[in-house]
Amino acid sequence: MALSSPDPQASAVLRTMVENFIQERLQLKLDKLGDNEDDKRQRLRDEHQREVWLADAARRVAQIQLASHTLKPLNPDARGTNVYLSEPFCTDAALVGTHVLGVDRADDVVGNAAALDVFKFLKLPAGDKTLLARFLDDDPALLQALSADTPKAQAWAAAFAGIVDSKSAVASHTLGKQLYFPLPDGSYHLLAPLFPTALVHRLHTTLQEDRFSDAAKAARAARKVEEDHPHGYREYLNMVVQNFGGSKPQNISQLNSERGGANHLLASVPPVWQSQGIKPPLRMVSVFAKGGPVARDADLRYLTKVLRKFLVKVIDHNNMAIKAKRLELVQQIIDTVLAIAAPIQCLPGGWSQLGDCRLSVSEKRWLDAGTVDDAHAETPPDDWQDEVSERFGNWLNAALSTDKTLMGDAEFLEWKHQFKEALANEA
């Protein structure tokens with residue numbers, strides 16, 4: 001018996017959207033085939049007939065689960081329960097938690113990475129809702145769009161809606177974490193903490209916007225020249241990046257894959273008093289030289305040690321995940337160098353003109369902007385960023401070189417380019 005829809009036009013729109021998605025998936029696979037793979041090409045076309053693909057997707061959706069709190073970030077080999085909270089337990093706006101994200105939060109998916117295309121299907125926007133929301137609402141127009149066979153459409157819809165359900169009984173795992181929470185009567189609750197993946201992803205997107213958006217760069221540029229700007233900008237000091245999943249972040253979860261495995265940890269320590277008696281870098285040829293503020297900094301020594309170990313570990317490998325991790329570590333080093341330079345740049349102008357200042361003209365321009373006499377400068381005004389970036393590249397090459405990983409011209413150019421780009425964003 002055919003499934004009657006209260007809105008045939010809506011059903012037709014939904015069916016077209018479903019078919020377009022399936023055909024886009026097919027085309028991506030067809031584009032990878034060679035000229036002599038006609039049998040495989042026909043097999044793919046058969047597999048991507050609408051009802052054939054939907055039947056297969058309804059079968060594979062059981063391999064994945066929607067989640068707001070996940071276990072694998074605690075240990076990638078843990079096999080316990082993941083949780084999807086559609087309604088938060090906590091509603092206190094003064095506390096930071098998943099409940100503060102609102103209805104537009106990004107939910108995660110765990111399970112077989114090979115079935116993640118099904119989640120992409122369920123995330124398709126269909127009017128003011130996603131397909132998944134319509135499946136959960138038993139939308140009759142969507143059922144009609146799936147198939148004219150009512151029982152078949154209902155079975156598929158139930159399978160797709162089941163992505164929000166746990167695939168097993170609630171259970172922890174020996175590789176998970178457990179906390180004994182004491183109670184007043186001497187007993188305790190045994191808590192199994194999970195990773196707040198939806199909240200972490202919102203933090204990640206917020207950090208990316210605050211650090212790298214055009215608006216943030218414009219605000220920093222306005223501050224540099226002491227001009228007004230419609231809004232300010234945010235800096236996150238002493239931030240650490242934890243990586244989940246190594247070269248296969250998709251094995252942890254979908255959102256972890258979208259972040260490239262990065263999990264940002266904000267400094268959770270009380271403020272440390274620092275003396276305001278910042279002194280200019282006099283009697284040294286460069287801030288990158290031995291004994292200079294860059295070489296003396298403990299955070300930089302630690303970060304270069306981490307990057308050095310990472311480069312040794314991946315010496316025989318190279319892929320997009322490794323490149324992204326290396327880029328992230330170098331960016332942390334650059335951010336730390338710029339943080340060291342910032343208080344020097346805030347000193348009263350003119351200190352670089354003192355007789356015992358031995359810095360090059362380019363470093364004077366960088367650290368004591370506007371005080372160098374252009375008529376007597378050895379370096380043209382527009383070239384100081386290039387020379388400072390070269391000094392950074394040479395310093396980082398020396399800091400990273402080992403018997404196994406000798407840094408050469410290619411690495412020097414990469415560090416130089418990344419540092420120069422950071423200087424340009426500050427300017």
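Predicted model: local features only at pLDDT ≥ 70, side-chain atom pairs only at ≥ 80, totals over all residues.
**Entry: His201**

Leaving out neighbours within four places in sequence, I found His201 in contact with Ala106, Leu255, Glu258 and Arg259. I then checked where His201 sits, and it belongs to helix 8, residues 197-212. Buried or exposed, I wondered about His201? His201 has 9% relative accessibility, so I put it down as buried.

**Entry: Met17**

Next I went to helix 1, where Met17 lies. What does Met17 touch, once residues up to four places away in sequence are not counted? My list for Met17 reads Leu124, Pro125, Ala126 and Leu131. I took one of these, Ala126, and looked up its separation from Met17: 109 residues in sequence, but 8.3 Å in space, C-alpha to C-alpha.

**Entry: helix 3**

I moved on to helix 3, which runs over residues 50-60, and noted its buried residues: Arg50, Trp53, Leu54, Ala57, Ala58 and Arg60. Why do they end up on the same side of helix 3? They cover an arc of only 165° around the axis, and that puts them on the same side.

Then I asked what covers these buried residues of helix 3. The cover includes helix 1 (8-30), helix 2 (38-47) and strand 1 (64-67). It also includes helix 4 (116-122), helix 6 and helix 7 (150-161).

**Entry: two positive phi values**

For Asp138, phi is near 55°, which is positive in a residue other than glycine. Asp138 is in the loop between helix 5 (131-136) and helix 6 (140-146). Its relative accessible area is 54%, so Asp138 is exposed.

Arg283 is not a glycine, yet its phi is positive, about 55°. I found Arg283 in the loop between strand 8 (262-265) and helix 11. Buried or exposed, I asked of Arg283? With 59% relative accessibility, Arg283 counts as exposed.

**Entry: helix 12 by itself**

I counted 16 residues, and from first C-alpha to last helix 12 reaches 23 Å, close to the 22 Å expected at 1.5 Å a residue.

Which residues of helix 12 are buried? I wrote down Leu300, Leu303, Thr304, Leu307, Phe310 and Leu311. These residues cover an arc of only 120° around the axis, so they lie on the same side of helix 12. On the other side of helix 12 I found Tyr302, Lys309 and Lys313, which are exposed. As for what covers the buried residues, the list includes helix 11 (293-296), helix 13 (320-345) and helix 15.

I also picked out Val306, which lies in helix 12. At 28% relative accessibility, Val306 counts as partly exposed. Val306 and Leu400 are 94 residues apart in sequence, and I noted 9.6 Å between their C-alpha atoms.

**Entry: helix 12 against helix 15**

A reminder to myself: two packed helices are described by the angle between their axes and the distance between the axes. For helix 12 (residues 298-313) and helix 15 (residues 384-400), the axes come within 9 Å and cross at roughly 65°. I noted the crossing of helix 12 and helix 15 as right-handed.

Which residues meet there? From helix 12 I have Leu300, Thr304, Leu307, Arg308 and Leu311, and from helix 15 Trp395, Leu396, Ala399 and Leu400. Sorted by class, this contact has seven nonpolar residues, one polar and one charged. Several names come back from my buried list for helix 12, including Leu300, Thr304, Leu307 and Leu311.

**Entry: two more pairs**

Helix 13 came up as part of the cover over helix 12, and Ala324 has its place in helix 13. At 42% relative accessibility, Ala324 is partly exposed. I looked up Ala324 against Gly260: they are 64 residues apart along the chain, and their C-alpha atoms are separated by 7.5 Å.

My last stop was Lys224 in helix 9, residues 214-224. Lys224 has a relative accessible area of 40%, so it is partly exposed. How far apart are the C-alpha atoms of Lys224 and Glu87? I got 45 Å, for two residues 137 apart along the chain.

Methods
Residues numbered from 1 in each chain as written. Heavy atoms only, no water. Axes fitted to C-alpha atoms, helices over the stretch in contact; angles between N-to-C directions. Helix = DSSP H or I, 4+ residues; strand = E, 2+ residues; numbered from the N terminus. Left-handed = near helix turned anticlockwise from the far one by under 90°. Contact = heavy atoms within 4.5 Å. Nonpolar A, V, L, I, M, F, W, Y, C, P; charged D, E, K, R; others polar. Expected span 1.5 Å × (residues − 1). Buried < 20%, exposed > 50% of the residue type's maximum accessible area, 1.4 Å probe, protein only. Arc of directions from axis to C-beta.
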